2 protein chains.
Amino acid sequence: MAVNLRIPGPTPCPEEVLEASSKPMINHRGPEFREMILRITDRLKSLFATKNDLFILTASGTGAMEAAIVNVLSPGDRVLAVSIGEFGDRFSAIARAYGADVVDIKFEPGTPADPDTIRKALNADPSIKAVLVTHNETSTGITNDVAAISKVVKGEFGKLFIVDAVSSIGSIPCPVDEWEMDVVTSGSQKGWMAPPGLAFVSMSETAWKAQAEAKMPRFYFDLAAAKRYLQRGQTPWTPAVSVFYALDASLEIITQEGMESVFTRHAVVAKKTREGVKSLGLKLLADERYASNTVTAVRVPEGVEAPKLISMMDKEHNIVLASGQGKLDGKIFRVGHLGYCTEADIQDVIDSLKVALPKLGFRG
Amino acid sequence: MAVNLRIPGPTPCPEEVLEASSKPMINHRGPEFREMILRITDRLKSLFATKNDLFILTASGTGAMEAAIVNVLSPGDRVLAVSIGEFGDRFSAIARAYGADVVDIKFEPGTPADPDTIRKALNADPSIKAVLVTHNETSTGITNDVAAISKVVKGEFGKLFIVDAVSSIGSIPCPVDEWEMDVVTSGSQKGWMAPPGLAFVSMSETAWKAQAEAKMPRFYFDLAAAKRYLQRGQTPWTPAVSVFYALDASLEIITQEGMESVFTRHAVVAKKTREGVKSLGLKLLADERYASNTVTAVRVPEGVEAPKLISMMDKEHNIVLASGQGKLDGKIFRVGHLGYCTEADIQDVIDSLKVALPKLGFRG
């Protein structure tokens, strides 16, 4: 029986995507690779809804987050880091590691970022140059209202707007140009239905202007090098060729399906997940108005031990759930429903929770 | 007809390695991944001939080179960068990008680094803290005598010794502990017979002491984080799972074969390559005493245009050769013979060159 991998990445891959991973190696400086990277880049740009440059890095999403920061900022730059969870904290930590002068705004786990609080912070400190925001916080299952945040960050203040869309774009609407996001990141193992190993970053014209002045050190993640090489259909350093094959296959599927249908599919399984866990008497961590369509965080009911629940779901039901991260460890479990996930996969989760929970002392 | 991919990485992968790439995704924080990363790490350590810590990064070899530098150095540190070609220059450029105070020693393309010149440089400048050396220079087909260089760098001066072994270790003897190398890098797509996407870096106790003081900024490539996570059988950031599968399969083959046999195999095909091209009247770029057992650089004979030769070998003979890099572009072509390469693959190259060269005006 196949495992029902319900973590927010790596996500399951369709059979044809896995098969594509096993194609023989080619010259990464030859014509076949050139055709492939140009096709993938064009499709990703279209799915990012952007005319901006877009680059594919051999790295995880965190690598793309580092690239997003080090290419447009200098040590000492004042940066507003808006965090609603672990990944927001990580974005802030990267900026700090490279010498940015970071102002943190943190919101309670399970709540979204409030645009008005961001407005006040920007009003209070005109020296802020850039704003870091997580679109979809994987650790809490919250999707920030980036459209509203953009109206403040870009519309009112014209700041450099750097967005971690690792677990949203490709699954949840995240139109890069419409929302005027200057730097946007994602990773292949999320809604893109490919294995991990490739990360994406888009750069607006404003971002390139910042890049020309930016003094944070960079080499592997230098997007100026990526731009030079992409002009000849290459990457500066040897790319993860088999993951390119997989991504090429998955983008063919996504392109055939159409982005609107992809978004609807995610909305449907997400709703089914939320309704399902609530029907069992469980509580969501997220303020439901902002609940994510890619991952659902569920409070572990009193009396139940999270590790035991996760272990029982794995061993007795073949379902792999994600635990809580950081301060939420032991307090929540998470159900990933991004990418290749059907309503039947979610029904399986709900049915199995219904069996497992009472054995662990839950009287919902 | 299968392509004869004769570039120095990505290298061809055995069928079982390619097949392993297409296994379904798993939780990178679960027990199966833990078993796999611990098994792979142990095997790599054994093949690196080291008791040092070893980490697997989702990146190319260049990423591992960056990790090797930023984890043990601080901005302003005086560093001796020994270069015999493009990859030596790259190592120097990475150190410079992160603020090291770099002293360059460059040797003529096709010649190895002279230990005596390194000794003089270290004598002349006691403030030098670390020495960067390329073990096998892929751009010129030269293998440096790292054992002799180590006697100077470690034996006489006790400097931090950082070695790019990306295209050597796993194919050519490169015993990490015996040669007292503090930081050593490699990449999955070289002699390891796996697809690109993973890079390796080993850290000695001396390297960890340097790491504790090192102030170059790092996040994605932070080896302290890698160490913390490896203790629980994980990576800090989502790893390229399908490349892990492939590497697991290729290390099984290599372990079965035994390292001595792997080294002999590389020596045999390398000798066959050198003898073969010389029998056609072609000249090697490398001083043959230091010619690499993983890649052979051949001078393009007068009157023959390199791009036409490379294109004809590809289109008419299904053989993919590598061109020259940097200043050697147009002056040499390169034959990769590392990893999964048989004598028949090399015979095919020689036989095809014999047909192609006269058509392009060569009268050898």
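## Leu309 of chain A

In this predicted model, Leu309(A) counts as buried because it has 22 C-beta neighbours inside 10 Å. A residue is called buried if 20 or more other C-beta atoms lie within 10 Å of its own, exposed if 12 or fewer, and partly exposed in between, with C-beta atoms placed from the backbone. Leu309(A) sits in helix α11 (residues 306–317) of chain A. Helices (H or I, at least four residues) and strands (E, at least two) are DSSP runs, numbered from the N terminus.

Neighbours within four places in sequence set aside, Leu309(A) is in contact with Val300(A), Val304(A), Phe333(A), Ala356(A) and Leu360(A). Contact is defined as C-beta atoms, placed from the backbone, lying within 7 Å.

## Domains of chain A

Chain A is divided into domain 1 (4–9 + 258–359) and domain 2 (16–255); such bounds come from an automatic or database domain assignment. Taken over C-alpha atoms, the centres of the two domains of chain A are separated by 26 Å.

In chain A, 24 residues of domain 1 are in contact with 25 residues of domain 2. On the domain 1 side, α10 (259–279) and β11 (295–299) of chain A each supply at least two residues, and α10(A) gives the most, with four residues. By class, that side has 13 nonpolar, nine polar and two charged residues. Ala, Val, Leu, Ile, Met, Phe, Trp, Tyr, Cys and Pro count as nonpolar, Asp, Glu, Lys and Arg as charged, and the others, Gly among them, as polar.

## Contact of chains A and B

The contact takes 43 residues from chain A and 44 residues from chain B. Two or more residues of the chain A side come from each of α1 (15–21), α3 (61–70), α4 (86–97) and α9 (241–257) of chain A. Helix α3(A) gives the most, with four residues. The chain A side has 23 nonpolar, 17 polar and three charged residues.

## Helices α5 and α6 of chain A

Pro115(A), Ile118(A) and Arg119(A) in α5(A) meet Ala148(A), Ile149(A), Val152(A), Val153(A) and Glu156(A) in α6(A). This contact has six nonpolar, no polar and two charged residues.

## Numbering and confidence

Residues are numbered from 1 along each chain as its sequence is written, chains are lettered from A and ligands numbered from 1 in the order in which they are written. Local features need pLDDT of at least 70 and side-chain atom pairs count only at pLDDT 80 or more, while totals for chains, interfaces and linings use all residues.

Key:
Two residues are in contact if their C-beta atoms, placed from the backbone, lie within 7 Å.
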